[in-house]
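I'm going to look up the metal sites and then the nonpolar cores.

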Amino acid sequence: MKVLFLGDIVGEPGRRYAAQTLSSIIDELRPDLVIANAENATKGRGLSLKSAEELYDAGIEIVTMGNHTWDQRQIFDFIDDDARIVRPANYPAGTPGRGYTVCKVNGVDVLIVSLMGRTFLSQLDCPFATLERILADHAQIKHVIVDMHAETTSEKLALAWDFDGRVSAVIGTHTHVPTADEDILPNGTAYITDVGMVGPRDGILGMRRREVILRMRTHLPQRFEVADGPRQFCAVWFELNAEGKALNIQPIRRCEPRQEQRF
Ligand SMILES: [Fe+2]
Ligand SMILES: [Fe+2]
C-alpha cells in the first residue's frame, strides 16, 4: 500500500500548489491513499467547506487537523457529517467531529488517527492513553497511520517509539518545518518528526513576515496574513506491506525558485 502524506497546507497558495504538484505526483507514483494535514488550509487558520472540497478535488482523500481545527467557525456545520476529516482524538469527550476514521484502500481497512501533543499546546487528554484505547477498539486493523500534531520533537519521538510495531506510521505535523529524520523504527513503524508544510516558502511558517516580526519585536497584537511569493511542497511517501509494516519512507519536496534579487 503506497501512501502519500502532505504536511500542513497553508492558505490559498498552499491549496493551489498542493493541487498542482499532486496532479503530477499522482500520475507518476500512483499512491493508494493521499492524506494531508489541513488545519491551516483556509487563510492559514482552520478549514472551510470550500477549501475542503478543493482539497478533495485535488486527490486528497483524508484530511487531518490540529490546534487550528476550530478557527473557521463554519467547520461546526460540516465536521460531524464528513468522515474524511479527522481532528485530534484527544479532545474531551463530546467534541464535534471524529478523532479517527477507517477507510478501505484496495479492500484493506486503514485506520487514520489524529493526536495532538500537549507541550506548549492545549492540555488535552493524554495522547498515549488515547491511542491505546483506539487501538484496543480496532485490534483487527493492521494498517494504522497516526498524525502526531505536536510542537516538540521529544513528544513525537516518544509516541513513535512507544507504539513502534503497533502502528504503521507516526507522521509529525504542526511545526511547518520539515525534519531530516525519516526512518523505519526496528518493529516496522515509519516515522518522521515533521513533514513540513505546503505553502509560501518565504513567509514565517507560511504567514507574512512583517507582522510576525513586529509582534516579536513589540509584543503588540498583529493580524497575521498568509504570505505570497514562491511556494514549497513538503510530503512523505511510504509503503506498507500486507501486515501493515513500513517498507520504506522518503520525503517528497518541491520548491519554486525565488524571483527577487539576491544581492
Ligand atoms: Fe499548522
Ligand atoms: Fe498546528
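Predicted model: local features only at pLDDT ≥ 70, side-chain atom pairs only at ≥ 80, totals over all residues.

Which residues coordinate the iron ion (ligand 1)? I found Asp8 (OD), Glu39 (OE), Asn40 (OD1) and His176 (NE2), at 2.1 to 2.2 Å.

Residues are numbered from 1 along each chain as its sequence is written, chains are lettered from A and ligands numbered from 1 in the order in which they are written, and side-chain values use heavy atoms, with hydrogens and water left out.

**Iron, ligand 1.** I looked up the angles among the four donor atoms: they run from 87 to 170°, and the site is irregular. For the record, four donors count as tetrahedral if all angles lie between 85 and 135 degrees; four count as square planar and six as octahedral if opposite donors are over 155 degrees apart and all others between 65 and 115; anything else is irregular. Along the sequence I read the donor spacing as D-x30-E-N-x135-H.

**Iron, ligand 2.** Here I listed Glu39 (OE), Asn67 (OD1), His149 (NE2) and His174 (ND1), at 2.1 Å. Glu39 sits in the loop between β3 (33–37) and α2 (49–57), and His174 in the loop between β9 (169–173) and β10 (183–184), 135 residues apart. (Helices, H or I with at least four residues, and strands, E with at least two, are DSSP runs numbered from the N terminus.)

**Buried or exposed?** Buried means under 20% relative accessible area, exposed over 50%, partly exposed in between (1.4 Å probe, protein chains only). Glu39 counts as buried because its relative accessibility is 0%. Asn40 is buried at 2%, and His174 is buried at 10%.

**Cores.** A nonpolar core is a set of buried Ala, Val, Leu, Ile, Met, Phe, Trp, Tyr and Cys residues joined through side-chain atoms within 4.5 Å. The largest one I found has 33 residues, and Leu4, Leu6, Leu47 and Ile60 have the most contacts inside it. Its largest share, four residues, comes from α1.

Key:
Donors = N, O, S within 2.8 Å, 3.2 Å for Na, K, Ca; no water.
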